[in-house]
Amino acid sequence: MKAAIVTGSGGPEVLKVQDVPEPRASKGEVRVRVMATAVNRADVIQRKGGYPAPPGVPSNILGLEYAGVITDVGEDVSGFEPGDRVFGLVGGGSYAQFIVTHHRTIAKVPDNLSFEQAAACPEAFVTAYDAMVSQANLKSGEWVLIHAAGSGVGTAAVQICRALGARSVGTSRTKDKIDRAMELGLHRGIVIEKGDFSDEVKTIVGDQGVDVVLELIGGNYVVEDLECVANQGRIILVGLLAGAKAELSLQRILSKRVMIKGTTLRARPLEEKIVAAQLLSKQIAPLLENGELKPIIDKVFDLDDVVEAHRYVEQNDSFGKVVLNLED
Ligand SMILES: NC(=O)c1ccc[n+]([C@@H]2O[C@H](COP(=O)([O-])OP(=O)(O)OC[C@H]3O[C@@H](n4cnc5c(N)ncnc54)[C@H](OP(=O)(O)O)[C@@H]3O)[C@@H](O)[C@H]2O)c1
């Protein structure tokens, strides 16, 4: 099969499309012909040598999400059969024409979505829903601060807030992305120029601050988050694009009784990945099917152009997801 292989640590040029052996489905697994996948920041970090693949997934093939068709089912698989259109998350390996994955970690693709659209959903919507709702206990009527509102996860979060009746204020360093996020339901936007935003957030939502922060940027953004999060607010740390270190006021955390929680999907054990798949099939897919949530795709590249796709993501110009097409 054709796959994009990481041939060493470095820039996008270390990715080479090559022929490699096809995987086979073992007990409990299905084999999927991947029709589309998407580029994630974790792929970029792994390509640079900073995020090794967890045990049990191919170490030299990137890719954390997919949409495709089941070709084979292993022993003890129920609920799925060859020909089913499915999508989901994997620990790696989806920049390839075939993957094998546990049958309880997959979900059926809603009929109204193409494979490219479906491949744009799992990481963005599951990450945003899991972080804001499952972990930060977001409720209707609450205010959420969504950083990088034009990112893949950010555009998903904005739509989930609208669907749940929560109010969102988003940030971006790019005004155009704020304007486009407002079309998706973002209530208010802040264009960040020098890294500060807490005063503007309080002007928008009131001095009490936001109930939840979806922190996709990390670094010194968390210092500012603490200034504009409400008493007993929840900061959910999902991404570290601005760095993995910050000097935080413990006094602020203590006196405001703030909860700061980190999260990652990839490192979870199988049981928790099954929970994430149920979130995709039971909470998110119905909203994709009725149009309340929409996949937001910035660009689609062929797998053969994976180097260009990685370059494009690293330019920070994309709004929504960058998808890789693997159809013949
Ligand atoms: N924990 C998990 O399981 C998990 C899962 C998925 C994603 N993530 C994380 O979530 C974050 C978003 O992922 P994504 O795929 O949605 O991202 P994305 O679509 O690639 O967009 C990221 C955006 O963040 C902004 N940005 C980049 N570097 C920045 C910096 N140094 N300071 C401020 N803004 C910066 C850029 O937009 P503007 O500059 O135009 O605003 C960029 O377009 C990433 O950190 C990713 O690693 C975590």
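Helices H3 (122-135) and H9 (residues 270-289) pack at an angle of about 95°, with their axes 10 Å apart; the two are therefore roughly perpendicular to each other. Here axes are lines fitted to C-alpha atoms, for helices over the stretch in contact, and angles run from 0 to 180 degrees between N-to-C directions. Angles under 35 degrees count as roughly parallel, over 145 as roughly antiparallel, 65 to 115 as roughly perpendicular and the rest as oblique. Helices (H or I, at least four residues) and strands (E, at least two) are DSSP runs, numbered from the N terminus. From H3, Pro122, Phe125, Val126, Tyr129, Asp130 and Ser134 meet Ala276, Leu279, Leu280, Gln283 and Ile284 of H9, contact being defined by C-beta atoms, placed from the backbone, that lie within 7 Å. This contact is made up of 8 nonpolar, 2 polar and 1 charged residues. Ala, Val, Leu, Ile, Met, Phe, Trp, Tyr, Cys and Pro count as nonpolar, Asp, Glu, Lys and Arg as charged, and the others, Gly among them, as polar.

The model is a predicted one, in which local features need pLDDT of at least 70 and side-chain atom pairs count only at pLDDT 80 or more, while totals for chains, interfaces and linings use all residues. Residues are numbered from 1 along each chain as its sequence is written.

The protein chain is split into domain 1 (2-121 + 266-325) and domain 2 (124-262), with bounds from an automatic or database domain assignment. Their centres, taken over C-alpha atoms, are separated by 26 Å. Domain 1 brings 17 residues to the contact and domain 2 brings 15. On the side of domain 1 that touches domain 2, H9 gives the most, with 6 residues; by class, this side has 11 nonpolar, 2 polar and 4 charged residues.

The ligand lies between the two domains, because both give residues to the shell around it. Of the 27 residues around the ligand, Ser151, Gly152, Ser172, Thr174 and Gly239 come nearest, where a residue is near if its C-beta atom, placed from the backbone, lies within 6 Å. Helices H1 (41-47), H3 and H4 (152-164) each supply at least two residues of this shell, which divides into 11 nonpolar, 12 polar and 4 charged.

Turning to the strands, an open sheet of 6 has the order E10-E9-E8-E11-E12-E13, with parallel pairing; two strands pair if DSSP finds at least two bridges between them. At the edges, E10 (188-191) and E13 (259-262) each pair on one side only, and the twist averages 15° from one strand to the next. Strands E8 (residues 143-146) and E9 (residues 167-172) pair in the parallel sense over 4 bridges, and Ile146 stands opposite Gly170 in E9.

Key: Two residues are in contact if their C-beta atoms, placed from the backbone, lie within 7 Å.
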